[in-house]
Amino acid sequence: MAERVNVYIADIHYYMDETHFTGGLARISKERRAAIGRLRAQKDKVRSLCCGLLLHYGLLDLGYAKSEAWTIAYGEKGKPYFPDHPDVCFNLSHSGDYVACAIAEAPVGIDIQNDQKTVPGMNRMICPEDDLDLLYETEEERHCHILESFSAKEAYVKYTGLGMSLGFSDVRVDRMKGIVDMADGSRAAFLHRIEVPDRPDYRVYVCFSSPFSVYTIIPHNNLIHEKFSLNE
């Protein structure tokens, strides 16, 4: 039976309001509040806040009460984890107006990306194994392939906990089979793509160690606020 990964996706607009932002700060850990305080751009602050809120929304949804008090530690390459709850693994991502969170019982990686411009040097770094001119007839198709590969590889390197020390050029993606591994065939993992309703300009990839199903919730920000209130 396939394992399940719980994925939560939300837009950040509700917390762009100063009153809602201030209220949200009171619901996250002091460590995340301190990290937010070091950010300069307000939108970056809001994205970081929403990542923290969405994580604890997901934990509450899964029945973990008062999870906002759980201590978060970081691995050697920066991957976050709960040292006191090793059976609860998570990963966070944000891009543009959205944040995403994956929660599972084993290491998991998630990446959300919105459409962006790419440059030839970046393209070759992301997809060195592909002859894009042979694979695709139009620039639009090549651009889409590059963005999809970037997000899939980002989810994978986050899943491994090794981050960019792996190097995208060493990672292979087969989106049709839902498989991602290293160029030498090692560290194989499974991949799943999630659609963001009404936002085809966003893509979400999740990476996990074994075949898995995805349980997805895309709550309105008001529902995030309400779930916290109900559990107080």
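User: Which residues lie nearest the centre of the second largest pocket?
Analyst: In this predicted model, local features need pLDDT of at least 70 and side-chain atom pairs 80 or more, while totals for chains, interfaces and linings use all residues. Residues are numbered from 1 along each chain as its sequence is written, and side-chain values use heavy atoms, without hydrogens or water. A pocket is an open set of points on a 1 Å grid over the protein atoms alone, where a 1.4 Å probe fits, with protein on both sides within 12 Å along at least five of seven lines; lining residues have an atom within 4 Å of a point. Of the 14 residues that line the second largest pocket, those nearest its centre are Lys79, Pro80, Tyr81, Cys89 and Pro107.

User: Which helix gives the most to the lining of the largest pocket?
Analyst: The lining of the largest pocket takes at least two residues from each of helix 2 (30-37), helix 3 (42-61), strand 4 (89-95) and helix 6 (139-160), where helices (H or I, at least four residues) and strands (E, at least two) are DSSP runs numbered from the N terminus. With seven residues, the element that gives the most is helix 3.

User: In strand 10, what is the bridge partner of Ile194?
Analyst: Strand 9 and strand 10 (residues 202-208) pair in the antiparallel sense over five bridges, pairing being called if DSSP finds at least two bridges between two strands. Within strand 10, the bridge partner of Ile194 is Val204.

User: Which residue in the turn between strand 8 and strand 9 has a positive phi?
Analyst: Strand 8 (residues 179-182) and strand 9 (residues 189-194) pair in the antiparallel sense over two bridges, with Ile179 opposite Phe190. The two strands form a hairpin with six residues between them, and the turn residue whose phi is positive, at about 90°, is Gly185.
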